[in-house]
Amino acid sequence: MIERVIQTLKDRRNRVLQGEINCIPFTFSRFTKDLPGIEKDKYYLISGSPKAGKSQIANFMFLYTPILYAYHNPDKVRVKIFYFPLEETPENITLRFMSYLLYTMSDIRIAPIDLKSTNSEKVLPEEILNALESNEYQEILKFYEENVLFLSDRNPTGIFKTLLKYAESTGTVHKKIVNITNKETGLVEKREVFDYYEPNDPKEYVVVITDHVSLLESERGFTLRETINKFSEYMMILRNKYHYIPVVIQQQSTETNSLEAFKNSKIRPTMAGLSDSKYTAKDASVMLGITNPYAFELPEYLGYDITKLRGNVRFLEIVLNREGESNGVVGLYFDGATNYFNELPLPGNRKEMEKVYGYINNIIRGKTNPVFILLSRGKTKIVKDLRNRKLFSKFANLFNQ
């Protein structure tokens, strides 16, 4: 075992020196100093109050990021994402991904509700459908469909068996012989036990997203707490033995959202505040908390003016990190329509923050989407000319300047 561990260290060092990766990097530059990216053998727990954006940040960090990174870097990494949507439908999750792609690839800010032409006065422009059906989009969406598997299992053992079957079909389990004393007879017996797992493709990252654990179905007469604990036990086995990457979403308890918590300024997610079971925090490698101060009607939070940012701000915190620094917090711009997140400028950087406030006032609250309006009016040539001259940067690409 010692030799294997040292060899692993050498291999990881050599991969970096040769231009390979040891994690799929996150897109938050300041945040990545504490948490560089998605690593194998890590169990991630994401928690927050209801409507704080748990599913949205989980999808942004552990669905969009690995899928798009693998798509653009096929020589470095492959991904397989098993998604257990206990709360939403696969169709809704995919619609949000389409909204995200339209915004980041074509400067089109359109929410899933408008993609579906829900409002008869806001019929989806044909040009947006054409964009989604173009080769540029279809290649990404096909890659997404091939590598994101939405599964219907809802109880812990069913989920575990599905994942174990995939592991055994895409790798080799190595075993060893150990001496075990029989407690009844006192005799020493030789027994074959698990030693280590070797995947067929060392570059494949297997991510398991479960949203959210309080909706798991019970088995064997378990209480909800016992059900979550058994599920977390299975996730640890997948992490420790098969190098899988569990991503578990769990709500904070009602106490965290209470008036007393608000009065004491304790609105950030904690391990003690986890709803229905605390064992997930004991098992997790990393716990991330997401906070929405606007929901608590706070005028200011960590130096940011919430009266101006309102619902377009979230705070992401490393609540627990067993192999690194904890308690790091970053302010994030959040656009619910496109499931888009990006780091906000530091609160003391007034010049850059004024740009953010202006963008929110003009584009988000003003609901003036330049690309969408032009397309709705059939001005496709104007859109093409503006995009060719890169004149849309002051609109949808504010955070990519």
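## Helix α2 against α3

In this predicted model, α2 and helix α3 (residues 90–106) pack at an angle of about 65 degrees, with their axes 12 Å apart. Helices here are DSSP runs of H or I with at least four residues, strands are runs of E with at least two, and both are numbered from the N terminus. The axes are lines fitted to C-alpha atoms over the stretch in contact, with angles from 0 to 180 degrees between N-to-C directions. The two helices are therefore roughly perpendicular to each other; that label covers 65 to 115 degrees, while under 35 counts as roughly parallel, over 145 as roughly antiparallel, and the rest as oblique.

α2 and α3 cross in a right-handed sense, with the near helix turned clockwise from the far one by less than a right angle. On the α2 side you will find Asn59, Phe60, Leu63, Tyr64, Ile67 and Leu68, and these meet Ile93, Arg96, Phe97, Tyr100 and Leu101 of α3; contact means heavy atoms within 4.5 Å. By class, this contact holds 9 nonpolar, 1 polar and 1 charged residues. Nonpolar means Ala, Val, Leu, Ile, Met, Phe, Trp, Tyr, Cys and Pro, charged means Asp, Glu, Lys and Arg, and the others, Gly among them, are polar.

## Helix α2 against α6

α2 (residues 54–72) also packs with helix α6 (residues 135–147), here at an angle of about 115 degrees and with the axes 10 Å apart. This crossing is right-handed too. From α2 come Leu63, Ile67, Leu68, Ala70 and Tyr71, and from α6 come Glu139, Ile140, Phe143, Tyr144 and Asn147. The contact of α2 with α6 divides into 8 nonpolar, 1 polar and 1 charged residues.

## Helices α7 and α8

Pro156, Thr157, Ile159, Phe160, Leu163, Leu164 and Ala167 are the α7 partners of Thr227, Lys230, Phe231, Tyr234, Met235, Ile237, Leu238 and Tyr242 in α8. Their classes come to 12 nonpolar, 2 polar and 1 charged.

## The largest pocket

The largest pocket has a volume of about 1,300 Å³. On a 1 Å grid over the protein atoms alone, a pocket is an open set of points with protein on both sides within 12 Å along at least five of seven lines, a cavity is a set where a 1.4 Å probe fits but cannot get out, and lining residues have an atom within 4 Å of a point. Points join across faces, edges and corners, and a volume is the space filled by probe spheres set on them.

Among the 34 residues that line the pocket, Thr8, Arg15, Lys40, Asp41 and His243 lie nearest its centre. The elements giving two or more residues to this lining are α1 (2–17), β7 (188–199) and α8 (224–242), and α1 gives the most, with 8. Charged residues number 17, alongside 10 nonpolar and 7 polar.

## Two cavities

There are 2 cavities of 30 Å³ or more. The largest holds about 90 Å³ of space and is lined by Lys40, Thr170, Tyr197, Pro199, Asp201, Glu204, Val206, Tyr242, His243 and Tyr244. β7 and β8 each supply at least two residues of this lining, which has 5 nonpolar, 2 polar and 3 charged residues.

The second largest cavity holds about 50 Å³. Its lining is made up of Ser49, Pro50, Lys51, Ala52, Ile267, Ile290, Thr291, Asn292, Ala295 and Phe296, with 6 nonpolar, 3 polar and 1 charged residues.

## Backbone details

Most residues other than glycine have a negative phi, and most peptide bonds are trans. Asp211 and His212 are joined by a cis peptide bond with omega about -15 degrees, and His212 sits in the loop between β8 (204–211) and α8. Leu302 has a positive phi, near 50 degrees, and belongs to the loop between β11 (300–301) and β12 (304–305).

## Reading the numbers

Residues are numbered from 1 along each chain as its sequence is written, and side-chain values use heavy atoms, leaving out hydrogens and water. As this is a predicted model, local features need pLDDT of at least 70 and side-chain atom pairs count only at pLDDT 80 or more, whereas totals for chains, interfaces and linings use all residues.
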